[in-house]
Structures are given as C-alpha cells and as structure tokens.
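Open the chain in your viewer and keep the selection tool ready.

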Amino acid sequence: MVKKQTVWLLTMLSLLIVLSVYYMTSPDNGEMAFIQEDEWAEITEDAAGQEGVETTGDGTVISQISTDELFSAIRLDMQNQRDQMQEQLSEIVASSDFSTEEKNEALEKMETIKANQSKESIIENTIRASASYDDVLVRAEDDVVHVTVKADELSKTETNNIIQMVSDEFGKKEVQVQFQPAG
C-alpha cells in the first residue's frame, strides 16, 4: 500500500511539474491555476521525505525526476487508470443488476482498452526501433493519439513517419507528435 501511495504521489508531483513548465513556457499564460495555501502545505508535508523529492525551508518542492522517470510515471498512471476502468467494467459484467446490453457494452469497452494497450505498445516499440530513440510514449485517448518522443528535436520527415506508423496501426485518428529533450 505504501508503494502505491509513493508512486501515486510522485506521479502527481511530476504531473504538477510538467503542467507548471507548460504554463510558464506557453505563449498564452494569462490564466493560471492556483493552489490554496492549506492544500500546498498538505502537498509539501506529504512530499517531504519521499524518495527523489526534497523540500526547502520555505516549502518549495524540488523534484529530481528525469525524463525516463516521467515517462515511466505517466505509463504507470495510465495503467492504474485503465486497471480501475477494467475493474469497474468487470463488476458490471459480473453483476446481475445490469441488462445484457449494458454487459455487452462493458465487454466491448474492455476489449477496446486491451486493443489500445496492445497498439500503444506495438507503436512504441516500432518507433523506438525505427529511429533508435531513447524512449517513446504513446497514449490513445478517444479520437486522438498522443506520441511523445525522447529526442532533442524532430524533423518534419521523422514526424511524418511517426504519424504514418500511428495511422497504420490506429486507423483514422488525429495524431499529435511532440518531442521531449533528454535530461
């Protein structure tokens, strides 16, 4: 239980850091979300003493999460969300409180989740092998497939190749390709 809490906390902290960097570097950063002081105090207290996380005297949280760990944390978070969804759908299928149509719909959603996981893994391995990138993260969400490549830069040709590979695997979905500098 402690490991799940630790992983969850590190995942949330890394998400907070990524969003902070995004807001600071985005051209339209007029509106920003704020954390109440009591919530921030709770976050820093929880973070104090966690592996890879340090707090300064004034309550500033310092994270030492690398890109590798960030990709792993995002993968873990996605897996946890999907596991919870699978569990909920399994409960629907096993329950006698739902109609046959609802059970069939739940089974279809379970198959879709498994198919997307498989496709994401195939695409990650294919892209990683084709251009020898350090790491690749693929996330399929509804009608959009997000691809993040660990590279200092991507040329238009590389981006088009990635889009083509994803389109071949997922079909007609919007593909968003980004790169994340190593470090």
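The tour starts with the ground rules and then moves through the selections.

This is a predicted model, in which local features need pLDDT of at least 70 and side-chain atom pairs count only at pLDDT 80 or more, while totals for chains, interfaces and linings use all residues. Residues are numbered from 1 along each chain as its sequence is written, and side-chain values use heavy atoms, with hydrogens and water left out.

Select the whole chain and colour by secondary structure. Along the sequence their order is α-α-β-β-α-α-β-β-α-β. Of the 183 residues, 27% are buried (under 20% relative accessible area, 1.4 Å probe, protein chains only).

Next, select residues 136–141, strand S3. Five of its six residues are buried, so S3 is largely enclosed by the rest of the structure. Glu141 stands opposite Val144 in S4. Two residues lie between the strands of this hairpin, and Asp142 takes a positive phi near 45 degrees.

Now select Phe170, which is found in helix H5, residues 156–170. Phe170 is buried, at 9% relative accessible area. Which residues does Phe170 touch, not counting residues up to four places away in sequence? They are Asn116, Lys119, Glu120, Ile123, Val138, Ala140 and Val145 (contact means heavy atoms within 4.5 Å). Finally, show the C-alpha atoms of Phe170 and Asn116: they are 8.3 Å apart, with 54 residues separating them along the chain.

Note on methods:
Buried < 20%, exposed > 50% of the residue type's maximum accessible area, 1.4 Å probe, protein only. Helix = DSSP H or I, 4+ residues; strand = E, 2+ residues; numbered from the N terminus. Pairing = 2+ DSSP bridges.
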